[in-house]
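This report concerns an annotated site, the ligand and their surroundings. The sequence and the structure are shown first.

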Amino acid sequence: MNLGISAKNQDVRTSSHWTIADAMKVHADDPTTTMPVIDYNFPVIDQDVWQWDTGSLRAITGETVKFNDWYVMWALVANRADTGDTVEGWHNRNAFAYIGFYYSRNGIDWTFGGRLLQKSADLRPDEWSGSLVMRAGTKNTVDMFYTSVNTDINQSVPSCSTGKIFSNDEKVWFEGFSKTVEMFSADGVNYANAEEDQYFDFRDPHPFLNPADGKIYCLFEGNVPGVRGKFTLHDAEIGAVPPGYTPAAGAQYGAAAIGIARLADGAYEKGDFSRHNWTLLPALVTALGVNDQTERPHVVFKDNYTYIFTISHHSTYTGDSTGPDGVYGFVSENGIFGPYEPLNASGLVLGNPSSAPYETYSHFVDPDGYVQSFIDTLPAPGSTDPQNPAAYRIGGTLAPTVRLVLEGHRTFLTEIHAYGQIFANKEWNS
Ligand code: FRU
């Protein structure tokens, strides 16, 4: 790992790097960093919708919230009937994505509550990932930070819609969420925009309160600024490789970045998340030369360590770097601005087993180490080709929740819980 310089002025520090040398240490199927193989007969939460990226209702300080004794989660969903309840429908689901919500008394048995945002809130056709956060200091105000997307014209803008949450003995429901404000866009300076990189990513806002300075920041998925494929890799990105190693052709197409923006003082209290209140800062971690996507980045503060988790794909590794679909992570001993080291030396935290390489995705690690993810495709028992659609079962529902121990710079898989189970560590009563 090449250490970023932690300057006094946070705006002029450089990014930490997930180097090619770090990624050489990624190994699938290590039992401490591998998801359990899921039963082919897994249960489905709701037969009418495909469900994928999911997150619990949480506090701005990170804890999973139980609201009036209800567990609540948001998820990207698509009506199976709209997409076609088929393998193709599942793979086309992004064009039909909207944010739905679910509630549960025990954190295991979920009821689908329908659409979270009103249609009037949609600035663009699709709603992609983000975070559902109770507003601190209020009884029941909730902010849905999400990504407003139009894939036809390559637009993706982290955005926010605000509403209120209610419950009675039977159910949970929401009001408001009738309009959306845009937060910030890829600027082509700190983060690649569509002109520089037609495959740019800029999405998945994850706001949080930074305990060190009491300010609100937002993590997001971005790419390193610059023209796609035109990067020169330096020692900082290559790392401590064996003698004679040179990066393989195409490595420079990997340009993922874990982005961060800062909210102006006082804006959170006013609930004003509009553009003029945000400042884009340089990326915390880049994967230049290694991987083109670090999605849904999120933070956990624990024991004076700052952990950033992010999800990535086998298919987005570049050059001769490789690794499984799963959740990766980085740790800082010096707060949110790093420098960061890859967890477990390689960055891999939990990958899919090689016998079921696409079984889960979109892992989210909560402050107690519980990890939620969705089931993508699960090969039939005995199938010799895990990628053959004729021999896999589509998920579209949640995987078993697992638990990690976070131990300094290392993580270990320790517990396996029920499908879609969440655990709350903060009660919120209205
Ligand atoms: C991760 C992800 C997110 C995006 C969503 C779209 O699974 O790619 O980055 O918001 O899925 O479905």
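The sections below cover the basis of the model, the annotated residues, the ligand and one further loop residue.

## Basis of the model

The model is predicted: local features require pLDDT of at least 70 and side-chain atom pairs pLDDT 80 or more, while totals for chains, interfaces and linings use all residues. Residues are numbered from 1 along each chain as its sequence is written, and side-chain values rest on heavy atoms, without hydrogens and water.

## Annotated binding site

In an unreviewed entry, UniProt lists Gln293, Thr294 and Glu295 under "binding site"; such positions follow the numbering used here, feature names are shortened, and annotations may be inferred rather than shown by experiment. Of these residues, Gln293 and Glu295 are included in the lining of the largest pocket. A pocket is an open set of points, on a 1 Å grid over the protein atoms alone, where a 1.4 Å probe fits, with protein on both sides within 12 Å along at least five of seven lines; lining residues have an atom within 4 Å of a point.

Gln293 occupies the loop between strand E15 (278-286) and strand E16 (295-302), whereas Glu295 belongs to strand E16; strands are DSSP runs of at least two residues (E), and helices of at least four (H or I), numbered from the N terminus. Gln293 is buried, at 12% relative accessible area, and Glu295 is buried at 7% (buried: under 20%, 1.4 Å probe, protein chains only). The side chains of Gln293 and Glu295 form a polar contact of 3.5 Å, and the side chain of Glu295 forms another with that of Arg203 at 2.6 Å. A polar contact pairs N or O atoms within 3.5 Å; within protein, one must be able to donate a hydrogen and the other to accept it, and residues adjacent in sequence count only if both atoms are side-chain atoms.

## Ligand surroundings

Among the 13 residues around the ligand, the nearest are Trp52, Asn94, Arg203, Asp204 and Glu295 (a heavy atom within 4 Å). Ligand oxygen atoms lie 2.8 Å from a side-chain N or O atom of Trp52, 2.8 Å from a polar side-chain atom of Arg203 and 3.4 Å from a side-chain N or O atom of Glu221. The ligand alone exposes 320 Å², of which the protein buries 92% (Shrake-Rupley method, 1.4 Å probe).

## A further loop residue

Thr33 lies in the loop between helix H1 (20-23) and strand E2 (49-56) and is buried, with 7% relative accessibility.

Definitions and conventions
Buried < 20%, exposed > 50% of the residue type's maximum accessible area, 1.4 Å probe, protein only.
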